[in-house]
Amino acid sequence: MAALPLAACFRPMLAEDTAAAGLRGKVALPEIDGRFGYFLVQSLEDRLGKPAAPEYSLKVTSNVTERGLAVAQDNSVTRITLTAVAKWQLLRDGKPVLVDTARTQSGYNATSSLFATRQIRLDIERRLARDLGERISRLVLARADRLVS
């Protein structure tokens with residue numbers, strides 16, 4: 001019974017008539033080169049909507065770094081960690097209204113098959129891009145009440 005009062009206070013961010021819902025489709029998304037950039041923009045579009053009448057523009061610079069963690073006796077790397085960082089700005093009339101950095105990481109085990117290792121890396125890149133897109137979108141939508149006039 002104690003959870004009932006809390007449930008009454010909860011309102012989904014993208015519920016009808018919220019500032020966040022009003023912001024969807026009003027953010028021009030960046031063009032980011034490369035496979036990782038494509039995945040990141042797709043993630044942003046999924047959360048922020050296709051820009052129909054943009055009032056804001058999103059500027060994103062991303063970087064993915066790789067680091068070997070586990071080394072076998074023959075000096076081969078067996079565990080690899082990818083870290084993705086996105087510095088972003090939400091602009092209105094060319095002036096930043098939100099500025100932040102999103103960071104995420106994931107790892108995978110290298111296999112003896114080059115094809116399998118490349119497929120694993122592709123999957124990890126997709127996941128990292130999706131996570132960065134969700135992190136950026138969540139922050140933008142969470143602050144929508146300050147942005148939407």
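Contact here means heavy atoms within 4.5 Å. By that criterion, 60% of the contacts in the protein chain between residues at least 6 apart in sequence join residues at least 24 apart. This is a predicted model, in which local features need pLDDT of at least 70, side-chain atom pairs count only at pLDDT 80 or more, and totals for chains, interfaces and linings use all residues. Residues are numbered from 1 along each chain as its sequence is written, and side-chain values use heavy atoms, with hydrogens and water left out.

**Fold and surface**
- The protein chain has 5 helices and 4 strands (DSSP runs numbered from the N terminus: H or I of at least four residues, E of at least two).
- Their order along the sequence is α-α-β-α-β-β-β-α-α.
- Of the 149 residues, 33% are buried (under 20% relative accessible area, 1.4 Å probe, protein chains only).

- Beyond four places in sequence, the contacts of Leu58 include Trp88, Leu90, Leu44, Leu48 and Ile136.

**Helix 4**
- Helix 4 covers residues 114–142, and its 29 residues should span 42 Å at 1.5 Å a residue (1.5 Å times one less than the number of residues); the end C-alpha atoms are 42 Å apart, which agrees.
- Its buried residues include Leu128, Leu132, Ile136 and Val140, as well as Glu125 and Ser137.

How values were computed: Buried < 20%, exposed > 50% of the residue type's maximum accessible area, 1.4 Å probe, protein only.
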